[in-house]
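Open the model in your viewer and keep the selection tool ready. We will go stop by stop.

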Amino acid sequence: MDPFWRELPDALRRAAWDRFDARYDFRPGMDPASWPAIREPADSMTFDLSPIFSGDALGAAGWEAVEAEARRALLAVFADEEVTVLDWQHAAYAVPPGQLAMAPGSRWPEENEAWPVTVVPNGDYYAFLSADLAVGTFGHPWERTLCVIGEPMVVTLGRTLETWLPVLRRGGQPPTGAFRTPVL
């Protein structure tokens with residue numbers, strides 16, 4: 001694993017999830033009646049990722065595009081900070097995006113199978129968040145969504161993704177206005 005992925009001790013992992021639960025009222029569940037799995041804040045956008053789960057070449061390209069754009073946004077917003085990475089029922093990490101991107105020999109996920117967590121939820125709930133948990137992303141594996149949280153991420157990652165992925169919710173509510181057909 002890349003040395004910049006610092007695994008948090010179990011006590012810190014539990015504390016981070018407790019803070020996440022308290023802030024977002026986390027409710028895991030596979031039943032659509034329980035979705036969304038978090039109380040989405042007013043400054044958030046939630047995207048439908050189902051187009052990238054198509055299993056075809058276009059879906060695979062979309063998956064890589066979401067990952068690449070998320071990495072760009074994480075660098076823009078958190079270049080000099082550590083991001084808390086939560087993987088439900090698994091290890092949690094502290095990762096400095098700027099150092100990770102610039103480290104000699106360090107690679108992003110598509111080039112390095114040692115990346116333990118991706119932004120796109122591929123089987124578990126994943127969150128990449130600021131130290132105060134107010135800014136970042138939350139991926140829901142069964143709803144197949146990505147919630148972009150906090151103004152800095154909404155104006156970077158959110159604005160880019162909304163050009164080609166369906167927006168399911170803004171601030172936890174269905175969007176108003178005309179529906180935009182996604183590119184995928």
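**Stop 1: the sheet**

Select Val-83 and find its bridge partner in β4, which is Val-95. This is a predicted model. Now show all of β3 and β4: three bridges pair them in the antiparallel sense.

Next, colour the strands. Eight of them form an open sheet, with antiparallel pairing. Read the order across as β1-β4-β3-β5-β6-β7-β2-β8. Which are the edge strands? They are β1 (6-7) and β8 (167-170), and each pairs on one side only.

**Stop 2: helices on the sheet**

Select α1. This helix packs on the sheet and touches β3, β5, β6 and β7. Its direction makes about 90° with that of β3. Then select α4. This helix also packs on the sheet, touching β2, β6 and β7. The direction of α4 makes about 145° with that of β7.

**Stop 3: strand β6**

Select residues 136-140, which make up β6. Are its residues buried or exposed? Five of the five are buried. Look at one side to find Gly-136, Phe-138 and His-140, then at the other to find Thr-137 and Gly-139. Both faces are covered.

- β5 (residues 126-129) runs antiparallel to β6, joined by four bridges. Select Tyr-126: its bridge partner in β6 is Gly-139.
- β7 (residues 145-149) runs antiparallel to β6 as well, joined by five bridges. Select Thr-137: its bridge partner in β7 is Val-148.

**Stop 4: the cores**

In soluble globular proteins, nonpolar side chains tend to be buried together. Here, the largest nonpolar core has 32 residues. Which members touch the most others? Select Val-66 and Met-153. The elements that give two or more residues to this core are β2 (44-48), α2 (57-78), β3 (83-87), β4 (93-95), β5, β7 and α4 (151-161). The most comes from α2, with seven residues.

Stay on Val-66 and show its contacts. Beyond its neighbours within four places in sequence, Val-66 is in contact with Leu-49, Ile-52, Val-120, Leu-146, Leu-161, Trp-164 and Leu-165. Then move to a second, separate core of 18 residues, which includes Trp-17, Phe-26, Ala-94 and Leu-133.

**Stop 5: aromatic rings**

Show the rings of Phe, Tyr and Trp. There are 13 aromatic pairs. Select Phe-26 and Tyr-125. Their ring centres are 5.0 Å apart and their planes stand at 85°, so the pair is edge-to-face. Phe-26 is in the loop between α1 (10-24) and β2, and Tyr-125 is in the loop between α3 (97-102) and β5. The two are 99 residues apart, so this pair links distant parts of the chain.

Phe-26 counts as buried at 11% relative accessibility, and Tyr-125 counts as buried at 0%.

Trp-88 lies in the loop between β3 and β4, so the pair ties together parts 37 residues apart in sequence. At 23% relative accessibility, Trp-88 counts as partly exposed.

Terms used: Residues are numbered from 1 along each chain as its sequence is written. This is a predicted model: local features need pLDDT of at least 70, side-chain atom pairs count only at pLDDT 80 or more; totals for chains, interfaces and linings use all residues. Side-chain values use heavy atoms; hydrogens and water are left out. Buried means under 20% relative accessible area, exposed over 50%, partly exposed in between (1.4 Å probe, protein chains only). Two strands pair if DSSP finds at least two bridges between them. A nonpolar core is a set of buried Ala, Val, Leu, Ile, Met, Phe, Trp, Tyr and Cys residues joined through side-chain atoms within 4.5 Å. Contact means heavy atoms within 4.5 Å. Rings of Phe, Tyr and Trp (its six-membered ring) pair if their centres lie within 6.5 Å; planes under 30 degrees apart count as stacked, over 60 as edge-to-face and the rest as tilted. Axes are lines fitted to C-alpha atoms, for helices over the stretch in contact, and angles run from 0 to 180 degrees between N-to-C directions.
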